[in-house]
Number of protein chains: 2
Amino acid sequence: MTSRKVIELFYDVVSPYSWLGFEVMCRYRNVWNIDLKLCPAFLGGVMQESGNKPPGLVPNKFMFMSKDLNRLSKYFNVPVQAPSDPFEAMFKKGSLAAMRFVTAVQVREKGGDAKVEQVSRELWKRIWSEDKDITLPASLSEAALKAGLSENEIKEALELSTSKEIKEKLKSATQKALDYGAFGFPMLVCHIDGNAEMFFGSDRFELMAHCIGEKWLGPQPEKGAAKL
Amino acid sequence: MTSRKVIELFYDVVSPYSWLGFEVMCRYRNVWNIDLKLCPAFLGGVMQESGNKPPGLVPNKFMFMSKDLNRLSKYFNVPVQAPSDPFEAMFKKGSLAAMRFVTAVQVREKGGDAKVEQVSRELWKRIWSEDKDITLPASLSEAALKAGLSENEIKEALELSTSKEIKEKLKSATQKALDYGAFGFPMLVCHIDGNAEMFFGSDRFELMAHCIGEKWLGPQPEKGAAKL
């Protein structure tokens, strides 16, 4: 019997490539012998502290990323659709309130991560599929309601999300990501034989599978290798 | 009978990720129904004109790339080994003379691209495997000799490489890359049904294969899908 390998997934719902990585890992947690740990963190803090600049500021890179996301969205079967004003959505409005809310949902959840998974997904759908706000309490409530949380749970998570405890928890998750060497999200940290192997982006799954001794079956593993 | 799809590969021997992409494409030209066109160009010009910054300037990104290249080098079976001073090699010394030489070899070669392929590979080996110079005429000669060119061919290519014709040819290849939307190398341009589909980097092969209707068998296709 081999023990399950722990993989930490650091993500922020402001990042579309994180959404791709998140869905792939949520699919593979049922395929690979892994224990997936969802680690919501704050991308703004990672960019600031690492000294990295958003790639979309270079015009040719921005154009490539739009095209790339369109193609990957179809290939990964994740409905990514850029908001009408990506700079407004990503940099002016940002994701601080949203990621604090996700953190609060995670702290409150016992015995699993079904709720934090579903709330994260609904927030991504809002910003990266439906061009909707993710900054206002009403927006967070709406996402959480769709994710299956009760009105009472939502009220409590919203209150908790502005507490010092949650602000500190999100900060420390972000710092943990930086300590692993983050300069953007998604970031995957695989714990293999006592070593932490870091993979950045949603384009290293094949390599990562090779490193953890698992099989890469494409971004839609339920379709199997035949699809490739 | 389907006609062969044309794929242009823009590369510079100063770029280690270009080497990975180059070797993969040279392997797949015998596996996929494609017509691979080698397009040596000048990465320095692409970075300058697109306004992109070298990724290695962000410390966490630099550390990730070193690790990433080590892992990919093994997985792709390409002997990438960083030079002792990557900044000196890449930015201070650079690749202008080398890429002019490659361009001259290409212009002189008739009926194929075996020589330009082999000379490019030997230059990559020098800078990205053996920590050797690629700026001096003696260095270029040595690489070309290993690539199987005769002393006479080398002498003529060296002379040609400093001509106005070759300088202009490299400039126009670089401009062509920019016109396709380049902001770095490797860049692959697939011509599909009259459209040019651009892929940046050496981590989009699986997606590219899907787009051109071919099968991705991993970076070492001769080993087949079983390896994955």
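In this predicted model, helix 1 (residues 16–28) of chain A lies across strand 1, strand 2 and strand 3 (187–192) of chain A. The direction of helix 1 of chain A is at about 155° to strand 1 of chain A. Helix 5 of chain A also packs on the sheet, where it touches strand 1 and strand 2 of chain A; its direction makes about 135° with that of strand 2 of chain A.

**The sheet**

- The open sheet of chain A is formed by four strands in the order 2-1-3-4, with mixed pairing.
- Strand 2 (34–40) and strand 4 (195–200) of chain A each have a single partner strand and stand at the edges, so one side of each is left without a neighbour in the sheet.
- On average, neighbouring strands of this sheet are turned by 20° against each other, direction ignored.
- Strand 1 (residues 5–11) of chain A runs parallel to strand 2 of chain A, and seven bridges join the two.
- A:Glu8 stands opposite A:Lys37, a residue in strand 2 of chain A.

**Helix 5 and helix 6**

- The axes of helix 5 (residues 96–108) and helix 6 (residues 114–129) of chain A come within 9 Å and cross at roughly 160°.
- Because that angle is over 145 degrees, helix 5 of chain A is roughly antiparallel to helix 6 of chain A.
- Helix 5 of chain A passes helix 6 of chain A in a right-handed crossing.
- Helix 5 of chain A contributes A:Ala98, A:Phe101, A:Val102, A:Val105 and A:Gln106 to the contact, while helix 6 of chain A contributes A:Lys115, A:Val116, A:Val119, A:Ser120 and A:Leu123.
- By class, this contact has seven nonpolar, two polar and one charged residues.

Terms used. Residues are numbered from 1 along each chain as its sequence is written. Chains are lettered from A and ligands numbered from 1 in the order in which they are written. This is a predicted model: local features need pLDDT of at least 70, side-chain atom pairs count only at pLDDT 80 or more; totals for chains, interfaces and linings use all residues. Side-chain values use heavy atoms; hydrogens and water are left out. Axes are lines fitted to C-alpha atoms, for helices over the stretch in contact, and angles run from 0 to 180 degrees between N-to-C directions. Angles under 35 degrees count as roughly parallel, over 145 as roughly antiparallel, 65 to 115 as roughly perpendicular and the rest as oblique. A crossing is left-handed if the near helix is turned anticlockwise from the far one by less than a right angle, and right-handed if clockwise. Contact means heavy atoms within 4.5 Å. Ala, Val, Leu, Ile, Met, Phe, Trp, Tyr, Cys and Pro count as nonpolar, Asp, Glu, Lys and Arg as charged, and the others, Gly among them, as polar. Two strands pair if DSSP finds at least two bridges between them.
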